[in-house]
Amino acid sequence: SFAFSMCSAIREKDGWHLGTEESATYKVLRSETAKDRAFATLLCKFSDDHVVKEHYTVNEGGVSITLEGDGEIGYTIPAFCFDGEVSPQITVGEHSLTVSYEGWMCRYTTNGTILDLNVTAANRNGHYRAFVAKSENSLDLRVDIRKE
């Protein structure tokens with residue numbers, strides 16, 4: 001078992017390191033809310049002093065995440081795969097991942113590529129397959145949730 005959520009990731013010689021690791025720290029650089037949207041910029045610092053700057057925008061259309069860092073960077077995607085009774089449908093493409101569950105659809109799209117980490121994580125709500133959207137130096141990820 002390991003800590004897994006939506007967060008920055010960096011690839012080192014020994015594999016992927018996630019922003020959920022105890023050695024990683026976050027600093028809020030900026031946050032702002034407006035009538036119809038919210039913005040935030042965070043800095044995720046990994047134990048080896050590598051950093052990834054995360055830019056978030058949330059509005060009625062969904063969530064946009066832009067990352068900046070050096071080398072191979074990524075953003076982790078927990079794909080809901082079992083609630084104790086039902087296994088949602090997961091569809092994975094090179095630049096998108098979609099989870100369909102009880103009439104709802106959550107779609108992640110990226111200008112990078114989607115990589116299956118071949119691990120399942122669990123929490124009190126169910127099981128999640130672990131994926132990462134990855135790219136070199138910068139990455140855009142969009143999250144859209146809607147009724148099908």
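Modeller: Ala9 stands opposite Gly74 in S6. This is a predicted model, in which local features need pLDDT of at least 70 and side-chain atom pairs count only at pLDDT 80 or more, while totals for chains, interfaces and linings use all residues. Residues are numbered from 1 along each chain as its sequence is written, and side-chain values use heavy atoms, with hydrogens and water left out.

Strand S1 covers residues 8-12 and strand S6 residues 62-82; the two run antiparallel and are joined by 3 bridges. Strands (E, at least two residues) and helices (H or I, at least four) are DSSP runs, numbered from the N terminus. Two strands pair if DSSP finds at least two bridges between them. S1 also pairs with strand S2 (residues 15-18), again in the antiparallel sense, over 4 bridges. Within that pairing, Ile10 stands opposite His17 in S2, and a hairpin of 2 residues joins S1 to S2.

Another strand, S5 (residues 51-59), contains Asn59. Asn59 has a relative accessible area of 34% and is therefore partly exposed, a class between buried (under 20%) and exposed (over 50%), computed with a 1.4 Å probe on protein chains only. Leaving aside neighbours within four places in sequence, Asn59 is in contact (heavy atoms within 4.5 Å) with Asp36, Arg37 and Arg142. Of these, Asp36 is 23 residues from Asn59 along the chain, yet their C-alpha atoms are separated by 6.1 Å. Finally, a polar atom of the Asn59 side chain lies 2.8 Å from the backbone nitrogen of Gly61.

Methods
Polar contact = N/O pair within 3.5 Å; in protein donor to acceptor, adjacent residues only side chain to side chain.
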